[in-house]
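Open the model in your viewer and keep the selection panel at hand. The tour visits the core, then a pair of helices.

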Amino acid sequence: MNTKESVKQYYGKVLQSSGDLQTDACCSNAEVPHHLKRALSNIHPEVAARYYGCGLVRPELLHGMRILDLGSGSGRDCYLLSQLVGEQGFVLGVDMTEEQLAVANRHLDWHRRKFGFARSNVAFRQGYIERLDQLGLEDNSFDIIVSNCVINLSPDKAAVLGEAHRLLKPGGELYFSDVYADRRVPADLVKDPVLYGECLSGALYWNDFLNLAKRAGFHDPRLVEDRPLSVSNPGILARIGHIAFFSATYRLFKLDGLESHCEDYGQAVIYRGGIEHAERLFRLDKHHLLEQGKMFPVCGNSFRMLQETRFAPHFEFFGNTDIHYGIFAGCGTQLPFDRTEAPVSSGCC
Ligand SMILES: C[S@@+](CC[C@H](N)C(=O)[O-])C[C@H]1O[C@@H](n2cnc3c(N)ncnc32)[C@H](O)[C@@H]1O
């Protein structure tokens with residue numbers, strides 16, 4: 001059985017609910033904001049029970065957006081995003097596993113009625129995230145692409161990132177949660193169907209991921225949040241040894257000509273406010289928490305991530321790239337993840 005067939009088997013036949021997983025990958029310690037808790041409570045119990053994600057894929061400013069979810073599973077994130085994009089927006093979920101799609105499709109109309117929409121703004125298609133061309137999806141046709149605990153399962157991650165880059169509109173972003181390792185996972189573990197299906201042994205070493213993302217055209221990947229994963233099954237623990245796994249959310253903007261490093265041109269921005277649910281504080285990434293009304297020095301790349309995207313109307317921009325002042329120190333060091341576990345503040349999944 002090849003990798004994709006064995007993953008299909010795992011998500012279609014072996015797992016019946018998130019309680020069957022052997023790690024806490026789908027238990028988010030992150031505080032789920034109140035408005036999202038309310039939106040999550042609107043999701044059908046069968047869809048919610050088959051949630052296997054590892055983070056909260058919820059970027060800001062979603063109203064009216066056209067979103068693609070790679071590996072949408074039973075559709076939990078699609079139905080969450082459906083409420084956030086509103087009736088004028090659209091969410092397309094793509095997954096290869098029939099059983100997962102069957103659950104997602106079974107509740108399309110239930111969610112439409114629950115959200116009070118005249119027409120559903122969600123659709124699901126069966127397909128491979130490495131071969132989105134087979135679904136006839138057009139270049140530059142999505143504002144945002146999300147994915148939750150899926151890309152680690154793909155045997156061709158470069159193709160997935162390449163397809164995401166092709167499908168995003170300029171200024172759009174791939175905002176996704178996934179599992180990463182602190183080193184390259186040995187080949188014998190990659191062959192283990194349970195370790196692979198559990199989103200562990202297909203995980204990329206984080207630095208290999210960064211290089212792959214850059215090669216796909218996402219020149220400055222930004223880490224939004226991360227947490228270490230803990231594994232409870234003693235058999236799995238013995239096999240993975242000292243490899244540390246992390247769940248992390250990255251945002252990758254499609255902006256031509258972003259520089260490979262953060263460079264200082266003496267530029268700055270002021271957050272004007274007005275982004276719903278982030279009125280006073282806007283988080284671009286782990287290293288950029290912008291307070292309303294306060295001048296914030298930024299590198300040339302961060303400047304463009306705010307000026308050439310949907311965030312632009314909410315910022316004032318100061319400076320240009322005429323004079324270069326050297327490397328910019330404010331965008332974080334290269335070792336991305338924190339090893340200390342945040343206190344558990346919410347229940348699993
Ligand atoms: C860990 S689950 C996550 C599902 C969903 N994102 C969620 O948060 O509940 C992984 C999903 O990705 C799908 N998947 C894995 N590899 C895929 C591929 N190459 N193409 C399409 N779907 C894939 C599986 O069928 C499964 O539904």
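**Stop 1: the core**

Select Leu68, Ile145, Leu174, Phe209, Tyr250 and Leu252: of the 36 residues in the largest nonpolar core, these touch the most other members. Such a core is a set of buried Ala, Val, Leu, Ile, Met, Phe, Trp, Tyr and Cys residues joined through side-chain atoms within 4.5 Å; buried means under 20% relative accessible area (1.4 Å probe, protein chains only).

Now colour the elements that each supply at least two core residues: β1 (66-70), β2 (90-95), β4 (142-148), α7 (157-167), β5 (168-181), β6 (204-205), α10 (206-215) and β8 (245-253). α10 gives the most, five residues. Helices (H or I, at least four residues) and strands (E, at least two) are DSSP runs, numbered from the N terminus.

This is a predicted model: local features need pLDDT of at least 70, side-chain atom pairs count only at pLDDT 80 or more, and totals for chains, interfaces and linings use all residues. Residues are numbered from 1 along each chain as its sequence is written, and side-chain values use heavy atoms, without hydrogens and water.

Centre on Leu252. Leaving aside neighbours within four places in sequence, its contacts (heavy atoms within 4.5 Å) include Leu161, Phe209, Phe218 and Pro221.

**Stop 2: α4 and α6**

Select residues 76-85 (α4) and 108-115 (α6); their axes, lines fitted to C-alpha atoms over the stretch in contact, come within 11 Å and cross at roughly 30°. The two helices are therefore roughly parallel (angles under 35 degrees). Show side chains: Tyr79, Ser82 and Gln83 in α4 meet Leu108, His111 and Phe115 in α6.

Notes:
Buried < 20%, exposed > 50% of the residue type's maximum accessible area, 1.4 Å probe, protein only. Axes fitted to C-alpha atoms, helices over the stretch in contact; angles between N-to-C directions. Parallel < 35°, antiparallel > 145°, perpendicular 65-115°, else oblique.
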